[in-house]
Amino acid sequence: LNQASPNHLGLGARLFSFSQKKHALYHAGFNARAANCAQPERPVSPNKQNSGEKQMQNQTTTQAAKQAANVNNGVNIEALLGAREALTAAPEAAQFKWRASSEWINGTHTRSKVEKFFGLGEEHSHRSPFFLDTDHPEVFASEDKGATPVEMVLVGLSGCLGAGIATVAQNRGIQLRSVKTTLEAGMDLAGILGIDGDVRNGFDGIRVKYEIDADAGEDEIRAVVAQSQKRSAVYDILTNPTDVWVEVRKSA
Amino acid sequence: MIPKVGKFAAKSATATTTGAVDVIVIGAGHSGLAMSHCLTEQAVEHLVIERGSVANSWRHERWDSLRLLTPNWQLRLPGQAYAGTDPDGYLTMPELIQFLDHYAARMTAPLLTDTQVSAVRPEAGGYRVETDRGDWWCRAVVIATGANNRQSIPACASAIPAELVQETTLGYRNPDPLPDGGVLVVGASASGLQLAEEIHRSGRPVTLAVGEHVRLPRLYRGKDIQWWMDAVGVLDERYDEVDDLRRVRHVPSPQLIGTTEHRTLDLNALTAQGVRLVGRLANVRDGRAQFSGSLRNVCDLADLKMNRLLDRVDRWIDSTGYECSAAPQRLEPTQTGAQNCLEMNLANGEVGTVVWATGLHPDYSWLDVPVLDRKGVIRHEGGVVDAPGLYVLGLPFLRRRKSTFIHGAEDDVRDLAQHLHAWLGTASAGFHPLKMAV
């Protein structure tokens, strides 16, 4: 878990520094606006209750910060919240491109490489390239040199939800001790083998089971997992249609 | 003809304006009328401009069977509270219109009805308000045109087969004009559920597309849920106290219905009547509607959130020692079925109508002041808009969680009327050229 989570996007220090910078700008702008508000033509609020309310707000913030300080799920929540503010102000920096490249090896075996991605207005590289083999198992008369592609989909879902759970729990001041998941997807081979046109190729559904040990009640833990689904990219990709373009050209 | 507007009718600031006034309130719904009441209390010179008649949206943009979601005892505006014989009931639209007509009849400020504002733009240290019955100049503008002017319809609507009828919550009155056959209702807030039930009961089988929603029991431990939310303090939570203002301002309206039997209308109630639940409408492609596989999760989220609120009510009862003989209880979790439907053919004649209950948003097409963000949302701090002398009312969580309820207008309007009064006092009063001319 700790390894998985400098943050959900896996951007580490770069996003952090970006958000710090933008955050500073944001606050400078905000303060400038606040100063304008204080001019006679634009009072912030003539309401007498205001100072009391502000105090209350600060207290709430302090409590939340205090609570969060004792909790460590290995997530840099300040960076994420800072990034959220920064990317709200600079929406073009939020545009990312994720990439993979692959090469067919032999039979059903393909080797894929994940290395570069684009975001925050520039190119980035992972700390090192990651190689991922996919293949089919021996019962399909293949050599089983890697997980099947559909299992990789489950891996993606689990990785995404796991990162989300750690992040949401951190944000809610919930210390995680253990998060274990099993995923199972049903599939009728009559689809991909072309036996029955009414059967789809893909999963007929995915069942995800979590066993979580954390400093929180059952409903709070369930709420963390529900929120993680709500904010998960892979969950969204699986539950909603996605447009796919495939272009082909013959090598020169 | 310009309606009689008291002393302002005689004023003529320039050759091109009808008159000048300190404040113009745009909209004579409950918020605008409440603002007029409070400005009058503060002796602020103002007039109210209304495109149609008092309570125009309530009069012309609601369905026939609608009753308020809030009980009558909660209904009040500054200076007028519900005084009828059924405090626990829920007003029908004609009853509400009567309540607002009565309120408007007591106002002393001029009210220009049947006057459409076509533009508001900064001019000479104030604002020029252009209407189809002449232009006005004022120092401050209060936008009380409401949060619900336009239906938010997803882009995939354009791919819906042309032979299907498309209706919105603003245009729907009752099921009678709808073609026979199935109906896809998109959206699961109060309006989506109420329309789904009414249309299904009319003999047109309804499929309800359910995204994120807010589930609430009508009654809890013997009292209306609004009573508990009021008592516990949920409705009074302020915009400057919440953790994530952006999020709470986008929370859909709760699944509630006002009926004489005080019943709960939730997804389980609809399923029991035969309505089919599907996930959020994700896309329409090749004549087929595609639904998200997230139905279970959005229902779980709503159940968990509802139970957190009920936990809070229980804790409040325990900690205050409030006498309540009814024991805590929890509703059945939302039943979503073993296998969710992910696709529906819209082109085979089974479905005749799509009803968009996908939420509403304000129309600022007439507002020529640079105060909208890139999403078209007005920039404001608790109703004080990011332009001098410009105010907005009645938006979700404007200043408090109750801001969009009728009774929620009072506190917001009092705060903002006070702010406006102070602003008029500090802004170089009496030195606006147009003002000087009158």
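Which side chain meets that of Asp244(B) in a salt bridge? Select Asp244(B) and Arg84(A) in this predicted model: their side chains form a salt bridge, with 3.1 Å from N to O. Three salt bridges are found across the interface of chain B and chain A.

**The interface**

Next, display both chains together. Here 34 residues of chain B are in contact with 31 residues of chain A. The two chains bury about 2,800 Å² between them, and 45% of this lies on carbon and sulfur atoms. Now select Arg246(B), Asn297(B) and Leu304(B), the residues of chain B that lose the most area to chain A; together they account for 20% of what that side buries.

Polar contacts may be examined next: eight residue pairs are counted between chain B and chain A. Then colour the elements of chain B that each supply at least two residues to the side touching chain A, among them β16 (281–285), α8 (295–320) and α9 (409–426). Of these, α9(B) gives the most, with six residues. By class, this side of chain B has 11 nonpolar, 11 polar and 12 charged residues.

**The second largest pocket**

Finally, turn to the second largest pocket, whose volume is about 1,900 Å³. To find its centre, select Gly205(A), Ile206(A), Arg207(A), Gly293(B) and Arg296(B), which lie nearest to it among the 46 lining residues. Elements of both chains give two or more residues to the lining, including α4 (149–171) of chain A and α8 of chain B. The largest share, eight residues, comes from β6(A). Sorted by class, the lining has 20 nonpolar, 14 polar and 12 charged residues.

Methods. Residues are numbered from 1 along each chain as its sequence is written. Chains are lettered from A and ligands numbered from 1 in the order in which they are written. This is a predicted model: local features need pLDDT of at least 70, side-chain atom pairs count only at pLDDT 80 or more; totals for chains, interfaces and linings use all residues. Side-chain values use heavy atoms; hydrogens and water are left out. Contact means heavy atoms within 4.5 Å. Buried area is the accessible area (1.4 Å probe) that two parts lose on being put together, summed over both. A salt bridge is a side-chain nitrogen of Lys or Arg within 4 Å of a carboxyl oxygen of Asp or Glu. A polar contact is a pair of N or O atoms within 3.5 Å; within protein, one must be able to donate a hydrogen and the other to accept it, and residues adjacent in sequence count only if both atoms are side-chain atoms. Helices (H or I, at least four residues) and strands (E, at least two) are DSSP runs, numbered from the N terminus. Ala, Val, Leu, Ile, Met, Phe, Trp, Tyr, Cys and Pro count as nonpolar, Asp, Glu, Lys and Arg as charged, and the others, Gly among them, as polar. On a 1 Å grid over the protein atoms alone, a cavity is a set of points where a 1.4 Å probe fits but cannot get out, and a pocket is an open set with protein on both sides within 12 Å along at least five of seven lines; lining residues have an atom within 4 Å of a point. Grid points are joined across faces, edges and corners, and a volume is the space filled by probe spheres set on the points.
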